[in-house]
Amino acid sequence: MIAGTPRPDELVERRRPLKILFLSAAYLPHVGGIEILLQQLCRGLRERGHAVEIVTADPRGPADVDGVRVHRLDVEGPLRARDVRGLHGLQRRVGEIRDAFGPDLVHSHDVGALLWLYERASRTSGVPLVVTVHNVMTRHLGEATGAFTPMAKMLEAADLVTAVSHHTL
């Protein structure tokens with residue numbers, strides 16, 4: 001945790017509307033469990049007076065879903081092409097989105113490339129980061145070798161890690 005960064009529970013105690021930026025590998029119109037959960041979370045938070053925006057690695061779809069601004073980035077293209085310049089551009093764009101929205105909290109539902117880009121763009125931002133793990137890949141983090149080492153580092157950088165089940169951690 002960055003010194004001076006409020007803990008996520010301290011934000012709730014303030015009892016004022018929050019600005020929450022969500023990160024997700026995909027979002028509507030792609031339909032899956034995480035996408036529907038995010039839609040419901042955004043709806044409920046907005047009904048309670050909070051502002052929400054979404055950054056997704058899914059470039060296809062509208063920029064507005066149910067009144068929520070959706071920033072769509074093509075992350076897969078530069079990754080597959082190993083395009084360093086393209087990845088730096090995405091990192092910069094993620095930072096610009098964060099700065100323009102000015103979130104009180106960032107909540108990632110993706111332990112992948114989008115979270116990696118966000119963490120690289122936000123090392124000293126002071127914005128608390130919550131990561132929710134939705135799959136059981138993290139069972140292998142104790143061994144943390146190969147492909148799981150970057151995932152373990154991303155989770156360690158979060159201020160709070162939650163999971164949909166105790167089986168995922």
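At the start of H4, which backbone nitrogen does a side-chain oxygen of Asp83 reach? In this model, which is a predicted one, that oxygen comes to within 3.3 Å of the backbone nitrogen of Arg85, and I would like to begin there and follow the helix to its other end.

The buried residues in H4 are Gly86, Leu87, Leu90, Gln91, Val94, Gly95, Ile97, Arg98 and Phe101, and what covers them includes strands S1 (19–24), S2 (51–56) and S4 (68–72), together with helices H3 (76–81) and H5 (113–121).

Let me turn to the charged side chains. Side chains of opposite charge can pair when their charged atoms come close, and a search of the whole structure finds five salt bridges, of which I will describe some.

Within H4, the side chains of Glu96 and Arg93 meet in a salt bridge at 3.6 Å, N to O; these two residues are three apart in the helix, which means that about one helical turn separates them. Glu96 is partly exposed, with a relative accessible area of 42%, and Arg93, at 32%, also counts as partly exposed.

Arg98 and Asp99 form another salt bridge through their side chains, at 2.7 Å from N to O. Here Arg98 counts as buried, at 10% relative accessibility, whereas Asp99 is exposed, with a relative accessible area of 55%.

Just after H4, Gly102 takes a positive phi of about 65°, and beyond that we come to Asp104, which forms a salt bridge with Arg16, the closest N and O atoms being 3.1 Å apart. Asp104 sits in the loop between H4 and S5, while Arg16 sits in the loop between helix H1 (8–13) and S1, so this pair ties together parts that are 88 residues apart in sequence. Asp104 counts as buried at 17% relative accessibility, and Arg16, at 34%, counts as partly exposed.

Finally, where does His107 lie? It lies in strand S5, residues 105–108, and it is buried, with a relative accessible area of 14%.

Note on methods. Residues are numbered from 1 along each chain as its sequence is written. This is a predicted model: local features need pLDDT of at least 70, side-chain atom pairs count only at pLDDT 80 or more; totals for chains, interfaces and linings use all residues. Side-chain values use heavy atoms; hydrogens and water are left out. Helices (H or I, at least four residues) and strands (E, at least two) are DSSP runs, numbered from the N terminus. Buried means under 20% relative accessible area, exposed over 50%, partly exposed in between (1.4 Å probe, protein chains only). Contact means heavy atoms within 4.5 Å. A polar contact is a pair of N or O atoms within 3.5 Å; within protein, one must be able to donate a hydrogen and the other to accept it, and residues adjacent in sequence count only if both atoms are side-chain atoms. A salt bridge is a side-chain nitrogen of Lys or Arg within 4 Å of a carboxyl oxygen of Asp or Glu.
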